[in-house]
Amino acid sequence: MLTIDQEFADQIPPLTAEEYQQLEENILSDGEVINPIIVWNGVVVDGHNRYRILQEHPGVPYKTFEKKFSDRNEVMAWICKNQLGRRNLTAEQKKYLIGKQYRAEKSSHGASKGFRGNQFTEVVSHQNEDLPKRTRDRIARENNVGSSYVERAEKYAKGIDAAEKAVPGIRQEIFSGKICPVESAVKAVAEAPLEKRTELAKKLHDPEVQRRGKDHHIAERARIEKKVAADMEAAVPRRKVNEASMLETLRGVVATMIRGADKCFELFPTLLTEQIYRVQVIEIMKELKIYISRLEEGGNQ
């Protein structure tokens with residue numbers, strides 16, 4: 001008999017009713033669970049949904065694979081990384097998992113490297129003082145996001161967990177997109193005193209919190225557009241122009257456009273990492289391809 005650890009299970013993005021039903025039908029059709037359930041000391045690490053189905057259908061054969069971890073934090077980090085590489089996630093789920101992985105890895109390093117106040121603390125802490133930074137930068141590279149995103153994700157994950165503890169069920173409401181509170185409001189829950197957390201968590205349902213979040217993105221886009229326009233205007237030389245100088249101006253305009261696009265991706269990395277946005281980005285950029293094709297064909301008609 002295996003054990004389901006709720007903290008581990010909570011890191012697994014839940015299946016929809018249709019997905020769960022399809023998994024159940026596949027298992028019953030195959031007559032067994034083909035992929036082994038990964039466990040650690042008898043605790044399910046990967047395969048929570050499969051194991052729940054097995055409990056509903058005792059007698060279906062399955063296999064387990066025992067994986068070695070040094071502590072719970074290492075298990076948590078592995079679960080998060082495994083989920084980030086496996087499934088289509090919402091932007092909120094991805095941010096949460098990245099934050100949880102970063103926090104778990106930092107905690108695991110501390111526990112395993114002597115950060116418990118023993119006689120090795122001073123030596124090891126000096127050798128590993130930049131370990132959190134290296135961990136943060138590696139996780140950022142693995143997920144194609146900025147290092148600052150990873151730090152924000154850790155605070156966001158703390159806020160999600162604090163809100164879930166105060167108001168059970170709110171985590172899934174956020175992950176499913178039922179409510180879309182601004183990130184700062186989520187972080188504020190974990191930063192508040194315990195007696196204030198329930199009140200702040202409930203406010204995440206407030207339509208005004210949702211509206212402010214949207215307004216922030218609209219204002220940020222407007223700021224970017226204004227900056228790009230100003231850069232383009234600055235690129236135009238304040239002198240009499242000819243073909244040669246205009247070519248230089250054109251080169252500057254293109255460079256400014258690229259910088260503007262890169263700034264958009266820096267501010268909103270999910271434009272590239274989330275498939276739903278990435279498709280739209282590519283569609284927008286195709287306008288440039290069409291424009292270049294017209295020029296190559298002999299004009300700008």
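Predicted model: local features only at pLDDT ≥ 70, side-chain atom pairs only at ≥ 80, totals over all residues.
Two residues are in contact when heavy atoms of one lie within 4.5 Å of heavy atoms of the other.

**View 1. His 205 and the residues it touches.** His 205 sits in the loop that links helix α11 to helix α12 (207–235). Setting aside residues up to four places away in sequence, His 205 touches Ile 170, Glu 173, Ile 179 and Gln 210. Take Glu 173 from that list: it is 32 residues from His 205 in sequence, yet their C-alpha atoms are 9.3 Å apart in space. Is His 205 buried, exposed or partly exposed? Its relative accessibility is 33%, so His 205 counts as partly exposed.

**View 2. Helix α8 meets helix α11.** To describe two packed helices, we give the angle between their axes and the distance between the axes. Here the axes of α8 (residues 147–166) and α11 (residues 194–203) come within 9 Å and cross at roughly 100°. Because angles of 65 to 115 degrees count as roughly perpendicular, α8 is roughly perpendicular to α11. Which residues meet? From α8 come Ala 162, Ala 163 and Ala 166, and from α11 come Arg 197, Thr 198 and Ala 201. Sorted by kind, the residues of this contact are four nonpolar, one polar and one charged.

**View 3. Strand β1 and its two partners, β2 and β3.** Start with β1 itself, which spans residues 37–40. In a regular strand, side chains alternate between the two faces of the sheet. In β1, Ile 37 and Val 39 are on one side, Ile 38 and Trp 40 are on the other, and all of them are buried, leaving both faces covered. Now look at the neighbours. Strand β3 (residues 64–66) runs parallel to β1 and is joined to it by three bridges, with Val 39 opposite Glu 66. Strand β2 (residues 43–46) also pairs with β1 over three bridges, but in the antiparallel sense, and here Trp 40 stands opposite Val 43. How many residues separate β1 and β2 in their hairpin? There are two, and Asn 41 in this turn has a positive phi of about 55°.

**View 4. Gln 275 in helix α15.** Gln 275 belongs to α15, which covers residues 275–296. With 54% relative accessibility, Gln 275 counts as exposed, because the cut-off for exposed is over 50%. Look for Asn 88 as well: Gln 275 and Asn 88 are 187 residues apart in sequence, while 8.4 Å separates their C-alpha atoms in space.

Definitions and conventions:
Residues numbered from 1 in each chain as written. Heavy atoms only, no water. Axes fitted to C-alpha atoms, helices over the stretch in contact; angles between N-to-C directions. Helix = DSSP H or I, 4+ residues; strand = E, 2+ residues; numbered from the N terminus. Parallel < 35°, antiparallel > 145°, perpendicular 65-115°, else oblique. Nonpolar A, V, L, I, M, F, W, Y, C, P; charged D, E, K, R; others polar. Buried < 20%, exposed > 50% of the residue type's maximum accessible area, 1.4 Å probe, protein only. Pairing = 2+ DSSP bridges.
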